[in-house]
Amino acid sequence: PQKGIDTHFWALEVSFPIIGAISESDAGLEIAERLQYEICGKEKMEGYTGGINPARRDKYLMNEALKKSGLKTVRQRKVTGLEDVKKFINDIDENCKEIFFLVLKPLRGCASGDVFLPNTLNEAKVALDTILGSDLYGVPGGINKEVLAQEYLKGEEYAIDIVSR
């Protein structure tokens, strides 16, 4: 069902019992969460707003949720321009002069789309110019008004997909 359609009544109209909802891609995640919210019962979905957990799609909120849970996380900040990036770089390393390690990316997205690893302010400006004003992933008509700046961590990167009960 589209946003605004009551998922509870939609779920009642199908001719088979629904025991869960899993999305195969980010594009269907919001619908799957709203259906799961109705199927499982609102009392079991703590922290969700109307069946939607915004931290599942917003990389800033996701990192903040990890931090709140006691896990170590990268330092991060939402930025809207080059001055914000300069302040963030200085907060990470006040001795930084010209070369730095940084990640700039949209708050929402997948498959490393528009993720930049700038080492200079000129490269950071290109990243900002590319991301700001571009389409906001998964939000028809939405645009990126902020960019996520994170410290760059050196080392192996692992991606893990998991289904748990």
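These questions and answers go through a predicted model and the terms used to describe its parts.

Me: What makes the pairing of strand 2 and strand 3 count as a pairing?
Reply: Two strands pair if there are at least two bridges between them. Four bridges join strand 2 to strand 3, so the pair qualifies. The two strands run antiparallel. Leu102 stands opposite Glu151 in strand 3. Lys105 stands opposite Leu148 in strand 3.

Me: Which strands are the edge strands of the sheet, and what makes them so?
Reply: Three strands form an open sheet in the order 1-3-2, with antiparallel pairing. Strand 1 (76–79) and strand 2 are the edge strands: each pairs on one side only. Neighbouring strands are turned by 25° against each other on average, direction ignored.

Me: Which strands does helix 4 touch where it packs on the sheet?
Reply: Helix 4 touches strand 1, strand 2 and strand 3. Its direction makes about 165° with that of strand 1. Helix 5 packs on the sheet too, touching strand 1, strand 2 and strand 3. The direction of helix 5 makes about 15° with that of strand 2.

Me: How do you know that both faces of strand 2 are covered?
Reply: Look at the residues on each side. Leu102 and Leu104 are buried on one side. Val103 and Lys105 are buried on the other.

Me: What makes up the largest nonpolar core?
Reply: This core has 13 residues. Val79, Val85, Leu102, Leu104, Val147 and Ala149 have the most contacts inside it. Helix 4 (82–92), strand 2 (102–105), helix 5 (121–131) and strand 3 (147–151) each supply at least two residues. Helix 5 gives the most, with four residues. Val85 touches Val79, Leu102, Leu104, Ala124 and Leu128, not counting residues up to four places away in sequence.

Me: Why is the contact between Glu151 and Arg75 called a salt bridge?
Reply: The cut-off is 4 Å between a side-chain nitrogen of Lys or Arg and a carboxyl oxygen of Asp or Glu. The closest N and O atoms of Glu151 and Arg75 are 3.0 Å apart, so the pair passes. Glu151 lies in strand 3 and Arg75 in the loop between helix 3 (59–68) and strand 1, so the pair ties together parts that are 76 residues apart in sequence. The structure holds six salt bridges.

Me: By what separation in helix 5 are Asp129 and Lys125 placed?
Reply: Asp129 and Lys125 are four residues apart, so about one helical turn separates them. Their side chains meet in a salt bridge, at 2.8 Å from N to O.

Me: What makes the phi of Asp114 worth a remark?
Reply: Most residues other than glycine have a negative phi. Asp114 is not a glycine, yet its phi is positive, about 55°. Asp114 is found in the loop between strand 2 and helix 5. At 35% relative accessibility, Asp114 is partly exposed.

Conventions
Residues are numbered from 1 along each chain as its sequence is written. This is a predicted model: local features need pLDDT of at least 70, side-chain atom pairs count only at pLDDT 80 or more; totals for chains, interfaces and linings use all residues. Side-chain values use heavy atoms; hydrogens and water are left out. A nonpolar core is a set of buried Ala, Val, Leu, Ile, Met, Phe, Trp, Tyr and Cys residues joined through side-chain atoms within 4.5 Å. Buried means under 20% relative accessible area, exposed over 50%, partly exposed in between (1.4 Å probe, protein chains only). Contact means heavy atoms within 4.5 Å. Axes are lines fitted to C-alpha atoms, for helices over the stretch in contact, and angles run from 0 to 180 degrees between N-to-C directions.
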